Amino acid sequence: MNDKTIKTPSSASQGFATRAIHKGYDPMSHQGALVPPLYMTSTFAFPDAKSGGDRFAGETEGYIYTRLGNPTQALLEDRLATLEGGEAALAMSSGIGAITSTLWSLVEPGDEIIADKTIYGCTFSYLQHGLKKFGIKVTHVDMSDPKNVADAISDNTRVVYFETPSNPNNGLVDIAAVSKIAHANDALVVVDNTYCTPYLQRPIEFGADFVVHSATKYLGGHGDLIAGAVIGKKEHIDHVRYFGLKDMTGAVISPMDAFLIMRGLKTLELRMDRHCASALQVAKQIEAHPAVAKVYYPGLKSFPQHALAKKQMDNFGGMISFELHGGVDAGIQFIDSLKLAICAVSLGDAETLVQHPASMTHSPYEPEEREKFGISEGLIRLSVGLETLSDIQEDIAFGLDTVAANISVSEQEKSTGQTANANSVEAKLASLAAS
Ligand code: 4LM
């Protein structure tokens, strides 16, 4: 070992970006290769039959088969664990793969899961329309008030599950308060930290047992892969790996995707700083526009849970959702009028993305479920990208002005012959359209 090999492996005291770039890898142990090698292999040779049997029996260390582990996956897992502040991590083939592998490992028929009322559409579908078929009771409550969790929890509750901020409308859950209630009732807490990444929020620090991710989003960061991860105590993660993943879902990440996520992690801090800085400016711009009825962005002072955001998040993220005065029609018109932002689901990419949750990401909810769970039909979701801020703002301004002009025309048609109140939304929109 030379000085270099001693210096390179990083310790927990190093900064976030340093660990995201260096943790667990020493180029000198890999022929000097700066970038960790990609082990693109499905299986691993045993030196002889006895060694193979010993590895299967867990008597000796060593790789067996990529569904159980692979050095490229292992390095990514090491980095995700240190960044989230967990003992261990397991990388998987998708966010839904990570969520389903985790929950299948934790529940049995007769158990109950309490989930927040607003979560990503396919997670909702898995809980409500999937797990329920196997005798698992799933109860959705409004977790913006932890008391609702305390009221709903029972001896059968095995898991409390939530996203914070939630997809699509940025609702926050007090991780510490809900974890305390769950633990007092012997339930485990699973938090989906996709919107924040560990750079902005580390739920384990606030008491969560598991953190799950869609690594498709900010962790990968470049819109070129689908992946997921779960982080937690080693004993818990081993159980998810050797039961939930190995036997139940088989949601194995490709070593190639693990390699690409490690490339993404190197710039995570830089990217998140830019996403957050731009999103705050865009949120303020949207809030100030007369065509807009409501904006949901945790960084705005007007956001009802702004104090909670400051307590548990280091910054406010790149996701904004909002409603226009003209409802669904105005929303569709807004999306279609944008020239830079791309109409697509997913989030956390370099490109600014815009979508309509009711007809896209949250279409797995039935319309009455969306109404009950607070996802309005007119909501628009924006994933603010990494483009030049003034270009993003010009695009958003054009979209909002287009909507305003159309609303004002139809309002004028409706109220022909009537004098508009100078302070009404309609009057503001009319003057905007005229300018
Ligand atoms: C979307 N989201 O919202 P995979 N958890 C959260 C998510 O937003 C998603 C997943 C898990 C979107 C996908 C189309 C908070 C996904 C599921 O897609 O399985 O990696 O993650 O636009």
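**Entry 1: ground rules**

I count helices (H or I, at least four residues) and strands (E, at least two) as DSSP runs, numbered from the N terminus. I am working with a predicted model, so I keep to pLDDT of at least 70 for local features and 80 or more for side-chain atom pairs, while totals for chains, interfaces and linings use all residues. My residue numbers start from 1 along each chain, following its sequence as written.

**Entry 2: the loop between E4 and H8**

I began with the prolines here. Pro165 is found in the loop between E4 and H8, and a cis peptide bond joins Thr164 to Pro165, with omega about -5°. I found Pro168 in the loop between E4 and H8 too; the bond from Asn167 to Pro168 is cis, with omega about 15°.

Next I looked up Asn170, also in the loop between E4 and H8. Asn170 is not a glycine, yet its phi is positive, about 65°. Is Asn170 buried or exposed? I call a residue buried if 20 or more other C-beta atoms lie within 10 Å of its own, exposed if 12 or fewer, and partly exposed in between, with C-beta atoms placed from the backbone. Asn170 has 28 C-beta neighbours inside 10 Å, so it counts as buried.

I noted a positive phi at Thr197 as well, near 65° in a residue other than glycine. Thr197 has its place in helix H9, and it is buried because 26 other C-beta atoms lie within 10 Å.

**Entry 3: strand E4 and its partners**

I then checked strand E4 (residues 157-163) and found 7 of its 7 residues buried. For pairing, I require that DSSP finds at least two bridges between two strands. Strand E2 (residues 112-116) runs parallel to E4, joined by 4 bridges, and Glu112 stands opposite Thr157 in E4. E4 also pairs with strand E5 (residues 188-192), again in the parallel sense, over 5 bridges. There I see Glu163 opposite Asp192 in E5.

What kind of unit do E4, helix H8 and E5 make? With H8 at residues 175-184, they make a right-handed β-α-β unit. Right-handed here means that, with the strands pointing away from the viewer, the path from the first strand over the helix to the second runs clockwise.

**Entry 4: two domains**

The domain assignment gives me domain 1 (14-265) and domain 2 (268-434); such bounds come from an automatic or database assignment. Their C-alpha centres lie 31 Å apart. I count 36 residues from domain 1 and 34 residues from domain 2 in the contact, where two residues are in contact if their C-beta atoms, placed from the backbone, lie within 7 Å.

Which elements give two or more residues to the domain 1 side? I listed helix H2 (16-22), helix H6 (121-130), helix H9 (197-200) and helix H11 (255-266). H6 gives the largest share of that side, 4 residues. By class, I get 18 nonpolar, 15 polar and 3 charged residues on the domain 1 side. Ala, Val, Leu, Ile, Met, Phe, Trp, Tyr, Cys and Pro count as nonpolar, Asp, Glu, Lys and Arg as charged, and the others, Gly among them, as polar.

**Entry 5: around the ligand**

I found 18 residues around the ligand, of which Ser94, Gly95, Ser214, Thr216 and Val345 come nearest. A residue is taken as near if its C-beta atom, placed from the backbone, lies within 6 Å of the molecule or strand in question. Helix H5 (95-106) and H6 each give two or more residues to this shell. The shell divides into 6 nonpolar, 10 polar and 2 charged residues. Domain 1 and domain 2 each supply at least three residues to the shell.

I traced an open sheet of 5 strands in the order E8-E9-E12-E11-E10, with mixed pairing. Strand E8 (292-296) and strand E10 (342-343) are the edges; each has a single partner strand, so one side of each has no neighbour in the sheet. E10 pairs in the parallel sense with strand E11 (residues 353-355) over 2 bridges, and Cys343 stands opposite Val354 in E11.

Leu400 counts as buried because it has 24 C-beta neighbours inside 10 Å. Which residues does Leu400 contact, leaving aside neighbours within four places in sequence? I noted His289, Ala291, Val292 and Phe334. Leu338 is 62 residues from Leu400 in sequence, with 9.2 Å between their C-alpha atoms.
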